[in-house]
Amino acid sequence: MQDKTPILEMVNISKSFPGVKALDKVSLRAFPGEVMGLLGENGAGKSTLMKILSGVYKKDEGIIKIDGKEVEINGIKDAKRLGISIIHQELSLLPNLTIYENLFLGNEIVKGFKLNKKDMIQKSQEFLKKFNFNKSPKTLTRDLTVGEMQMVEIIKAISKNAKIVIMDEPTTALTEVETERLFTIINQLKQQNIAIIYISHRMEEIFRICDRITVLRDGTFVGEEDIKNVTKDKLISMMVGRKLEEQFPYVEVEKGKTILEVRNLSWKKIKDVSFNLKEGEILGIAGLMGSGRTEVAKLIFGEYKKEKGEILVEGKKVNINSPKDAIKNGIAYLSEDRKKEGLVLKLSVLENMMIANLKAYENKFKRLNKKKQLSDCKDYIKKLSIKTSSPYQIIKNLSGGNQQKVIIARWLLNSPKVLIIDEPTRGIDVGAKKEIYDILNQLKKQGKGIIMISSEMEEILGISDRIIVMHEGRITGEISRKEANQELIMKYAVGLTD
Ligand SMILES: Nc1ncnc2c1ncn2[C@@H]1O[C@H](COP(=O)(O)OP(=O)(O)OP(=O)(O)O)[C@@H](O)[C@H]1O
Ligand SMILES: [Mg+2]
């Protein structure tokens, strides 16, 4: 690699926002035909660096070279012209436009003074087909799932003849199949000598597809390495600046009485799902994406209306027809889709954290105890190491992972009896993952019941007391912590039973 000229060099880039130095003399190089992994904790500066490269932000200092020549990037147009294309961490498609309109946004094909819809639709059809994406180009974007939107975003970025493609956490909303498809696409891009800059918090992905990695910490450059020369432990300590002793801390807690019972839950493809949960227990739900885990959670939480079945809380049958009912009965649900649900971008960290808990802070005269709110908010900022300049910071200005931590704090503050948490650590950095496990363990010690849906095998195995596995809407296996292993879970997840 090193004897070639880098296709991209970013040298000593600095960038400040009011109150934060997001980047302090950071450098990054990428060569043609390689995947450069850009790693670091939530708030380390990864997205900011990539937004500078793609012309969204202007750098304060530093130089950028493409093919060895210094360039000026003063806006998105400059970046495009230089062959830089980005898939943003936050979805950036316009929901009220169709797929083809989004694909050609800013690049419309015109005939005379009129848009050439026919050509755009036909070209879109070709792109979609190339990526096995079976939707009409005329579909409205808002009717797609988050994963499908992400695919459109990806197709859009690579359909532009780019030389450098930036992918900022592209797989967080993708299914396994879609992720595999993306990896195939990445390999094709490499063969065309395109450089890919890949941001992810998923270790397996990084080791699977990156050729080299660059690590940032707190807005500074930590190192650049060949992937072959680093181990997982080395990477973690580069990212968090220390060794993580126990990545998946497990605590033994005496189980109490049954707190939640689910009997014969059925809805659409969900068939007769029954299980129970005890006080002081973490029940892991494993399964492939699309196996029905999230549906079960949303049925218990009242977001979907069950066709059949019963739910009992502390031995009593409860009627849950809406999330409100669920919350009233002490059930909280932290959705996997924190980007789409739950954040109010214009409000502050404090307001976003408190929004579901206002009642808990009212005194008997219905006045809000703002002091208590502020101190609880500060407490969670510390506990989850949320990187924000203050509790009053507008949440839109936080990094993606830190926004998620605020939503997690919101539900933890609610102190429910039963907490259902869907993909709790998706998009969260390794250090903060451990902090979240510590908090779940603390809740466990307080006698709460926790249902944790997760696609991360290590996480399911590491912190669950018991695991149930789903396949196509049914429970195919139940495994105790002692007998649990990856093979057994996979066996049930693909639908094999004993
Ligand atoms: N528009 C903005 N205004 C103010 N501060 C910002 C803005 N954008 C980013 N920041 C701050 O800059 C720092 C770096 O954020 P950045 O989004 O680059 O992190 P990241 O490495 O992408 O993290 P994550 O893994 O959570 O996505 C954070 O402290 C963030 O709050
Ligand atoms: Mg980011």
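Lys21 forms a salt bridge with Asp24, and their closest N and O atoms are 3.7 Å apart; a salt bridge here is a side-chain nitrogen of Lys or Arg within 4 Å of a carboxyl oxygen of Asp or Glu. Across the whole structure, the search finds 33 salt bridges. This is a predicted model, where local features need pLDDT of at least 70, side-chain atom pairs count only at pLDDT 80 or more, and totals for chains, interfaces and linings use all residues. Residues are numbered from 1 along each chain as its sequence is written, chains are lettered from A and ligands numbered from 1 in the order in which they are written, and side-chain values use heavy atoms, with hydrogens and water left out. The chain is divided into domain 1 (8–240) and domain 2 (258–493), with bounds that come from an automatic or database domain assignment.

**Salt bridges, pair by pair**

- As background, side chains of opposite charge can pair when their charged atoms come close.
- In the opening pair, Lys21 is partly exposed at 41% relative accessibility, and Asp24 is partly exposed too, at 33%. Buried means under 20% relative accessible area, exposed means over 50%, and partly exposed lies in between (1.4 Å probe, protein chains only).
- Lys135 and Glu148 meet through their side chains in a salt bridge of 3.6 Å, N to O. Lys135 sits in the loop between helix H4 (117–130) and helix H5 (146–158), and Glu148 sits in helix H5, so the pair ties together parts that are 13 residues apart in sequence. Helices (H or I, at least four residues) and strands (E, at least two) are DSSP runs, numbered from the N terminus.
- Is Glu148 buried or exposed? Glu148 is buried, with a relative accessible area of 16%, whereas Lys135 is partly exposed at 28%.
- Asp272 and Lys308 also join in a salt bridge, at 3.2 Å from N to O. Asp272 belongs to strand S14 (residues 270–278) and Lys308 to strand S16 (residues 308–313), so this pair ties together parts that are 36 residues apart in sequence.

**A network around Arg212**

- Salt bridges link Arg29, Glu34, Arg212 and Glu224 in a network.
- Arg212 lies in strand S11 (residues 212–217) and is buried, with a relative accessible area of 3%.
- The backbone oxygen of Arg29 is 3.4 Å from a polar atom of the Arg212 side chain.
- For a sense of scale, Arg212 and Lys382 are 170 residues apart in sequence and 33 Å apart in space, C-alpha to C-alpha.

**Where the two domains meet**

- The C-alpha centres of domain 1 and domain 2 lie 30 Å apart.
- How many residues of domain 1 are in contact with domain 2? There are 20 residues of domain 1 in contact with 22 residues of domain 2, where contact means heavy atoms within 4.5 Å.
- About 1800 Å² is buried between the domains, with carbon and sulfur atoms giving 48% of that area. Buried area is the accessible area (1.4 Å probe) that two parts lose on being put together, summed over both.
- The count between domain 1 and domain 2 is two salt bridges. Elsewhere in the list of pairs, the side chains of Glu458 and Lys232 meet in a salt bridge at 3.3 Å, N to O.

**A buried loop residue and a covered helix**

- Ser348 is found in the loop between strand S18 (331–334) and helix H11 (349–354), and Ser348 is buried at 6% relative accessible area.
- Leaving aside neighbours within four places in sequence, Ser348 is in contact with Pro391, Tyr392, Gln393, Ile394 and Ile395.
- Helix H9 (residues 293–300) is mostly covered, as seven of its eight residues are buried. Among them are Arg293, Val296, Lys298 and Ile300.
- Gly302 follows H9 and has a positive phi, near 80 degrees.

Technical notes
Polar contact = N/O pair within 3.5 Å; in protein donor to acceptor, adjacent residues only side chain to side chain.
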